[in-house]
Amino acid sequence: MSVKPLTSDKLYRVSALNGLSDECKSTKHLTPLDEIVGQERAQQAVEFAMSIKEKGYNIYAIGRNGLGKRTMVMRYLNRHDPNGNANTLYDWCYVSNFDDTRCPKVLKLPAGQGSAFKKDIEQLMKRLVKAFPMAFDNELYISRAEKLKTQLAQKQENALMTMKKGAEERGVGLTITTQGDYQLVAMNGEEPHTEDSFAELSDKEQQTFEETINDLEVELRGIVRQLTEWEEKYSDKQQKLDEDIAKDVTAHCIKDLKAKYSKLPEIKAYLSAMYNDILENIDIFLEESEEQVALAYASLDKKMPRRYQINVLVHQDVERKFPVEVEESPNYHSIFGYVENATFKGTVFTDFSLIRAGSLHRANGGVLMMDAVKVLERPYVWDGLKRALRAQKLNLSSLEREVTLSGTISLEPEPIPLNVKLILFGDYQTYQLLQHYDPEFKELFRVTADFEDDMPRTDTSEEQYARFIASIVHDGDMLHCDRKAIARIIEYSSRQADDQHKLSLHSADIANLLRETNYVAKSSNATMIRSSHVEQALQNQEQRVSRLKDHVMQSFVTGTTLIDVDHQAIGQVNALSVIATSDYRFGAPSRITATTAYGSGEVFDIERSAELGGSIHSKGVMILSAYLASVFGKTAKIPLTTHLTFEQSYGGVDGDSASMAEVCAIVSAFSGLPLRQDIAITGSMNQFGEAQPIGGVNEKIEGFFDVCAIKGRTANQGVIIPQSNVHNLMLRKDIVEAVEKGEFHIWAIDHVSQAIEIFTGKQTGTDAEQGIYPNDTVFGIAQTKLNALRR
């Protein structure tokens, strides 16, 4: 045969760790890697996005879970200061808007000063609460207030006495009741006239009294107005006295604060507004109205008037130059903040002091990281994020108002300027959906950090990978790995990447393997992780997830699944397929059979007719039909109809990796030549019969090897694979050893004719032209039979 089996050195690439010095005996001698290995492209994208300050340069990080996307970004942000000399970080506070309490104001303070300002205001309130009652309870204030009151009473009394005297001179008495009512009565000497005595007076005298009393009533009304004016003036003077006292007290208490925050205009303006408001609400401090004071002080934290509290929404750590927030549960409230309600004596109320921060508030000036799918799953979150990023403002709007039409009373806090980089982590499918269905996505997420699944395997990259292993060992406080254990883990990574020349960057898999290996090593009281511990951990992993494989292999043991691995048969070939669960995949052989009947040259795909064949499998059948037509139908139509099927296949069949096997079965059926059953084949092909690479080649070979062991091993058994799959081989140790001993064979082919040659032991005859093949070749024998049918 022209195709020779592969030698054992082609089946597995051993890691020699040439990149490590000979002195390096274990991970103990390696410097842990402080960055994610093999993700230079993604790291450059992150660096670019973080260094550009314009709007819209947010990041979408693409890659499967477990590639270390979040870890890479976190390590980059911890190692660098992306903020540099850019925007300063601020503390953000909400305070009462004394002009409109429904619209709380925002205060912006330098980082770290928010809590200090809150404490300063609390101290101020404590001083005022003590100082006001003392100021209004001292002798000086009392004497001044009494003097004003005495002056008013004296003036009132003098005015009334003067009028009383004037009335008496005119024969009319003026009496003042205890209720403050005034009464004018006609006098009969020293006593008031009775009805009888007044009736005895002459009409002229009665009329004189009535006119006099009317005149006096007019005069009395004037005096009452005068008294009211005096009371108003007294009230004004009393209020002026109170204000003067309050001004003195407040100005004395607040002057130090104004001096302390003199360089912050916003704080100065707020202190001035608060000063004026305190003068208008002195009664809160004097506790004149019990209910009003109780409500004014109703608070969730400290006993001080609510309207003067400082709600520190975001307090930045002075030493932390760059806030980085990771939002694990991105619902509306956790991202955008919310306003709580409080209950006091059965009354539900809210105010600015009950505003609570969201992760966007805490990340302001820095980075907020979230999972894209979780963001899209939560109602209203995606629209809210886009709105905030577009406007570069953080509006704290109630979710209830977003989702209902009710006009409930709520706060409308002043928006906070927003300067944040948003990093979304997601898979490629989510990225495509957003690109396709959301036109704003491209404008807001202009940077894509595309994470690689694997990296080239070179001496340098193996050295990097060894340091990466050392970093996991170091971070997890594990036992150190010796040199052979490092090499075995690197070989496992290459197997995960399905390529001898690549290493998998799925860091979660490597970390999990190391954790389990560490457990195995410690369980055996080892002081270091060795390659035997890695092998044991890998066996343990497979044991946990291989129930389905054991079930399938048992069907070969019992004979439930029919398979022949030793004889020859016409129109029958062993093909290889991969069965996959969510966390495990394995290979198993399946029989493909082809039967022929007189017809018009069609290949009848039973799988497709039974609606068990997928579209890719159907395409493969059409391609092989075209190849067969080019081989046997150049001068006349093929006079046979072929029926093709997977035997004992009761589920769906998809993929084109069986197309070469199907051609071999059909050519055998055409020619009547038997095919070896001790050989299995996998591989796709094009219309010219050229072998094309397929996936899962390691699992497929291992699956057939295991079935051969079940049915009985012979020295001639083996597998045919495409030549382009050789670099994917990272086979089990027992298979490599069997090939080395000549007990198992793996052929790598470039063309389907080579497979036919291996199966039949005869030359295929592909070198002929115009469809005329030598009689002693496979194609020649088939063509002779077809020509006989044509005649």
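Before I turn to the structure, one definition: when I say that two residues are in contact, or that they touch, I mean that they have heavy atoms within 4.5 Å. What we are looking at is a predicted model, in which local features need pLDDT of at least 70 and side-chain atom pairs count only at pLDDT 80 or more, while totals for chains, interfaces and linings use all residues. Residues are numbered from 1 along each chain as its sequence is written, and side-chain values use heavy atoms, with hydrogens and water left out.

Let me begin with Gly696, which sits in the loop between β28 (691-692) and α25; helices (H or I, at least four residues) and strands (E, at least two) are DSSP runs, numbered from the N terminus. Leaving aside neighbours within four places in sequence, Gly696 is in contact with Val578 and Arg585. Gly696 is buried, with a relative accessible area of 5%, where buried means under 20% relative accessible area, exposed over 50% and partly exposed in between, using a 1.4 Å probe and protein chains only.

Which residues does UniProt list for "active site"? The unreviewed entry lists Ser657 and Lys700, with positions given in the numbering used here, feature names shortened, and annotations that may be inferred rather than shown by experiment.

Not counting residues up to four places away in sequence, Ser657 touches Leu576, Thr682, Gly683, Ser684, Ile694 and Lys700. Lys700, for its part, is found in helix α25 (residues 697-711) and counts as buried at 3% relative accessibility. Beyond neighbours within four places in sequence, the contacts of Lys700 include Ser577, Val578, Gly587 and Ser657. The side chains of Lys700 and Thr682 are also joined by a polar contact of 3.2 Å, a polar contact being a pair of N or O atoms within 3.5 Å, where within protein one must be able to donate a hydrogen and the other to accept it, and residues adjacent in sequence count only if both atoms are side-chain atoms.

Next comes Asn574, in strand β21 (residues 572-580). Is this residue buried or exposed? Asn574 is buried, with a relative accessible area of 0%, and its side chain reaches the backbone oxygen of Gln677 at 2.8 Å.

Now to a sheet elsewhere in the sequence. An open sheet of three strands has the order β3-β2-β7, with antiparallel pairing, and two strands pair if DSSP finds at least two bridges between them. Its edge strands, β3 (105-110) and β7 (311-314), each pair on one side only. Between β2 (residues 90-95) and β3 there are six bridges, and within β3 the bridge partner of Tyr94 is Val106.

Finally, helix α28 (residues 778-790) has 13 residues and reaches 19 Å from its first C-alpha to its last, close to the 18 Å expected, a span worked out as 1.5 Å times one less than the number of residues. Among the buried residues of α28 are Val778, Phe779 and Leu786, and the buried residues of this helix pack against α23 (615-632), β24 (640-646), α24 (659-671) and α27 (752-760).
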